[in-house]
Amino acid sequence: MRVIISAGGTGGHIYPALAVAKVIKEKDKDAEILYIGTSNRMEKDIVPKENIKFIGIKSQGLKRKLTLDNIKSGYLFLKAIGKCKRIIKDFKPDAVITFGGYVTAPVIYAAHKLKVKCFIHEQNSILGVTNKFASKFADKVFISFESLKNSIEDKSKVVFTGNPCSYQAKMTSSCDKKEFNLDPSKKLVLIVMGSLGSKTINEKMKKLLELYNNKDYEVMFVTGKNYYDSYKDNNYSKNIKIVPYIDNMVRLLKKTDVLISRAGASTLSEISAVKVPSILIPSPYVTENHQYKNAMDLVNHDAALIIEEKDLEGDLLLRYTEKLLYDRMLTNKIKKNLEDFYVDNSSLKIYDEIKKIVGDKDE
């Protein structure tokens, strides 16, 4: 089977795409995969390391307000469609599957025009702007939240698969806490706001971390690479660790007692797989406030706690943290309820659905 995969811009789109690519290669040793992404964002560095052929195209999203940048976006979109058509004609894929990010719009549009079978995966609890567009051309729409099905017009297209990152998280081995200079005998609170970090949260945490000084548990705060320097000269106690970034963070997540994080879809899929009690602080700066909606899917089922960024003041975060650390009945209930959000073998479900429509190309 020959497959074009496209996803761009953030790890929330890229890592589910790579999880599916991995399963395709495991199930079909002769499979050929081509990844189309943006030429200037993180996928251009991540994908080639996975030994997957990568082609970058120039693309940028539309602004929500009237601006000359939208003229440029439209020009790049039309130009990208032409390039994608040439790539598709040359590669001759059996299927195209996209995972969101504005780079995927010209990919799936070109594939549809050339009568290639098209599939999309939505990680969030609402369709992103690009996936709303792409869903019109998709043969199947794979979703991570069952609640999303109600907002999709053609429900016959929809398949609930869960997020491929969840199975990857479950299969990943845990780390030795000593790798991170952590005490295996103490509980761990992990605070992380994405690989790049959050400017607002980093400013707030400088003061909030002082409340965790000299506790009988450890706190690791992942600042994000952009903000680590501002924490170098801190005066926090020894139980507080500051790092810029953790590679393959799910290894440490398996040793974490309380996670404090944003509410990106891939993060929530890992939380459900690892069953770690969490305090979610959704980013209010994302399209259609989708992180808040993601978070509330868990919160409404007693599977997480939530603090909105605007309410992150005083000792509220500390009180929520210690509630999860010391209230065993609450944490047991959360862990049990998280089981309802874990979908086993998400990547395999996606692969099987593609094979049903594409057929067996080895016959």
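1. Let us start with Asn248, which sits in the loop between S10 and H8. (Helix and strand labels here are DSSP runs, H or I of at least four residues for helices and E of at least two for strands, numbered from the N terminus.) Asn248 has a positive phi of about 50° although it is not a glycine. With a relative accessible area of 38%, Asn248 is partly exposed; buried means under 20% relative accessible area, exposed over 50%, and partly exposed in between, using a 1.4 Å probe and protein chains only. As you read on, keep in mind that this is a predicted model, in which local features need pLDDT of at least 70, side-chain atom pairs count only at pLDDT 80 or more, and totals for chains, interfaces and linings use all residues. Residues are numbered from 1 along each chain as its sequence is written, and side-chain values use heavy atoms, with hydrogens and water left out.

2. Asn181 is another residue to look at for its backbone. Its phi is near 60°, a positive value in a residue other than glycine. For background, most residues other than glycine have a negative phi. Asn181 lies in the loop between H6 and S8 and is exposed, at a relative accessible area of 57%.

3. The loop that holds Asn181 also holds Glu179. The side chain of Glu179 meets that of Arg251 in a salt bridge, 2.8 Å from N to O; the term covers a side-chain nitrogen of Lys or Arg within 4 Å of a carboxyl oxygen of Asp or Glu. Arg251 lies in helix H8 (residues 250-253), whereas Glu179 is in the loop between helix H6 (164-171) and strand S8 (188-192), so this pair ties together parts that are 72 residues apart in sequence. Glu179 counts as partly exposed, at 48% relative accessibility.

4. How many salt bridges does the structure hold? There are 14. Among them is the pair Lys206 and Glu203, at 3.5 Å from N to O. These two are 3 residues apart in helix H7 (residues 199-208), so about one helical turn separates them. Lys206 is partly exposed, at 27% relative accessibility. Another salt bridge joins the side chains of Asp327 and Lys323, at 3.7 Å from N to O. Asp327 is partly exposed at 25% relative accessibility, and Lys323 is partly exposed too, with 44%.

5. Next, please find the open sheet of 6 strands. Its order is S10-S9-S8-S11-S12-S13, with parallel pairing; two strands pair if DSSP finds at least two bridges between them. Strand S10 (240-243) and strand S13 (305-306) stand at the edges, each with a single partner strand, so one side of each is left without a neighbour in the sheet. Contact means heavy atoms within 4.5 Å; the axes are lines fitted to C-alpha atoms, for helices over the stretch in contact, and angles run from 0 to 180 degrees between N-to-C directions.

6. Thr256 is found in the loop between H8 and strand S11 (258-261). Is this residue, Thr256, buried or exposed? Thr256 is buried, with a relative accessible area of 9%. A polar atom of its side chain lies 2.9 Å from the backbone oxygen of Leu252. Leaving aside residues up to four places away in sequence, Thr256 touches Leu188, Leu190 and Val276.

7. Helix H4 (residues 104-113) has 7 of its 10 residues buried, so it is largely enclosed by the rest of the structure. The buried residues of H4 include Thr104, Pro106, Val107 and Ile108. After H4 comes Lys115, whose phi is positive, near 65°.

8. Finally, the cysteines. Taking a disulfide as a pair of cysteine sulfur atoms within 2.5 Å, the count comes to 0. For Cys84, the nearest cysteine sulfur is that of Cys118, 11 Å away. Cys84 is buried, with a relative accessible area of 0%. Cys165 is in no disulfide either, the nearest cysteine sulfur being that of Cys175 at 19 Å. Cys165 is buried as well, with a relative accessible area of 6%.

Methods: Polar contact = N/O pair within 3.5 Å; in protein donor to acceptor, adjacent residues only side chain to side chain.
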